[in-house]
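Dear colleague,

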Amino acid sequence: MNDCYRDATVRRRLIEFLGGDSLERASAVYLTHSDGCAFDRRELRPPQELDWFLQRNLDIARSLADSESLLLHLDVEYVNFDSAAEAYMDPWRAFDLQDPVVSAIESVLLGWGIEPLHIITGQGHHFIWRIARDTALARRISALGPAPELLHQHSERMPPIVQGRIDAESQNAFGGLGLLMEFLAHRVKSEAVPHCELPVEITAVHVGPGRTRRREIVSIDISEYGDPLHTRMVRMPFTYYLKPWLTGLARSLGIEGELSRVRVIPLHEMDVRVALKVRQVEGEVRELAKRACVRIPEQAAGTERLLAEYLNSRLRRFHEFYYSTRHDPPERWPLTYHQAPLGHLPPCVRNVVERPNDWLLKPAGMQLITRCLLADGWHPRHIAGFIRSRLEDPAFGWGTRWDDYDAALRADFYVRIFAGLYETGLDRLVDFNCTSTQEKGFCCPHSEGCSLEPFQTNLLTRQCA
C-alpha cells in the first residue's frame with residue numbers, strides 16, 4: 001500500500017464518501033474498479049472490503065446505488081474522437097475548454113440553491129449531491145420514472161451483492177433522476193454554447209472537425225441514466241485515476257512513460273489549474289485530505305426547486321408525450337418493427353440499421369436514426385422500440401452484452417435525449433447533412449446520389465411551424 005492510501009486521514013475521507021462514519025455503517029451498496037472499465041459483476045465487493053482495493057493501490061469507485069439516499073451525479077469531460085489521449089497529454093487545454101460549461105453548471109445549480117461536491121477527475125469534472133430516500137421528495141421523483149415495463153425484472157440477473165438492496169422502486173427512482181438530469185443538461189447546454197469554443201453535447205456524440213481541425217467536444221455525460229442502476233458507479237476522491245492504463249490506451253500509443261499518475265481530488269479552496277498540479281503530488285493530496293470533506297452533501301431544498309422548474313418545462317411536456325405509448329411487445333416485432341419500410345432511407349442510415357454492432361452502440365448512430373425516423377413521422381417511443389428490436393436480435397452477435405445492461409433502457413434513453421433536443425429547439429440540426437455525416441465517419445462509401453437534405457428540411461419545417 002502506498003503512503004497516500006496508508007494515510008489515516010485519506011482513509012477517513014474515503015469512508016465519508018461511502019456514506020458513513022465507519023465502513024460498517026457505509027450506505028454505498030458496493031465498491032469496484034472505476035468506470036473506466038466495463039461493468040464486471042465479479043469485481044464488486046462490499047464497502048467493508050475497502051482495504052482490499054487500498055492494499056493493491058487500485059482505482060476505486062462506489063456504487064451510485066445507496067441504501068439511504070438518491071444520488072444525483074453530473075459528469076462533464078473533454079472528448080477528442082481523433083486523439084483519445086489528448087486530455088491526458090495536454091490537460092491544461094482540455095480543462096480550459098471545459099470552463100464555460102463548468103461555469104454554467106455552477107450558475108444553474110446555484111440558482112436552485114444546490115451546492116454539490118465538485119470533484120476533478122482525469123479528464124473532467126464530477127458534480128454530486130444527494131437527497132434522502134425515505135422522503136416525499138424522493139417519492140415524487142420516483143413517480144416521474146418510466147413505465148414499469150421498462151424496468152425489465154433485473155432481480156434474477158443481479159449480482160448477489162446487490163440482490164435485495166436494489167429493487168424495482170430504486171430503479172424507478174433512478175429513471176426519474178435521469179429525467180431531472182436531462183433537464184439540467186438542457187439548461188447547461190443552452191447557457192454554455194454561446195461561450196464555449198467547442199460543441200457542447202449531451203453524451204459523447206461524434207461531431208465533425210472544428211476550427212482546430214479536430215473532432216472534439218465538451219460532453220455533458222448523463223449516459224449512466226440509460227443503464228440499470230446496479231451497473232453504474234462514480235469514482236471516489238483521493239483515489240488513483242488509472243483509465244489510460246486500465247483501458248490499454250497508454251500502452252497502445254506508447255506513452256506510458258509520458259503520463260503522470262494522478263489522483264481524483266475535490267476542488268476545495270483552489271482553482272482548476274492549481275488542482276491539476278496538486279493531483280500529481282502525493283504529499284499535497286494528503287494535505288488536501290486534512291481540510292477537504294468529501295461527504296456527499298444533502299441538497300433537498302435545491303432539488304425541490306429543480307423539480308418544480310422541470311415540471312413546468314417544455315421538456316416535461318415532451319417526456320409526457322414520449323411515455324404516452326409503449327414499445328410494441330417482442331412477439332409483435334415480426335409484424336411491426338421488422339416490417340418497417342427502410343428502402344427510402346439514405347445508405348448511411350440503412351448501414352447503421354443493418355450493421356448495428358457496433359454502429360448502433362455509438363450515440364451518433366442513435367442520433368442519425370432518430371432524426372430520420374422523426375422526419376418520417378414516427379412516434380419517438382416507437383423509434384426506441386425499433387432500435388431495441390435490433391439490439392435484442394441475437395443474429396448481430398451481441399453475446400452477453402445485455403446480461404447486465406438493458407437494450408430497452410438504452411434505446412429509450414438515447415432516443416429520448418435526441419428527440420427531446422429537437423422538440424425543445426436546442427437541436428437546430430446544423431450537422432444533419434451529408435457533409436457532417438461524412439466528417440463524423442458515418443457516411444457510406446460509394447453512396448452517390450443520396451441525400452439527408454429532404455429529412456432535414458422536413459424536420460426544420462415542423463420545428464418552425
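This is a predicted model: local features need pLDDT of at least 70, side-chain atom pairs count only at pLDDT 80 or more; totals for chains, interfaces and linings use all residues.

Residues are numbered from 1 along each chain as its sequence is written, and side-chain values use heavy atoms, with hydrogens and water left out.

The protein chain holds 20 helices and 11 strands (DSSP runs numbered from the N terminus, with H or I over at least four residues for helices and E over at least two for strands). Of its 465 residues, 59% are buried, a word that here stands for under 20% relative accessible area, found with a 1.4 Å probe and protein chains only. The C-alpha atoms fill a box of roughly 65 × 45 × 45 Å along the principal axes. Among contacts (heavy atoms within 4.5 Å) with a separation of 6 or more, 75% join residues 24 or more positions apart.

Helix α14, which covers residues 347-354, has C348, V349, N351, V352 and V353 as its buried residues, and these pack against α15 (356-359), α16 (363-375), α17 (380-391) and α19 (434-440).

H186 belongs to helix α7, residues 168-192, and counts as buried because its relative accessibility is 7%. Leaving aside residues up to four places away in sequence, H186 touches I202, L315, G420, L421, T424 and L426.

Notes: Buried means under 20% relative accessible area, exposed over 50%, partly exposed in between (1.4 Å probe, protein chains only).
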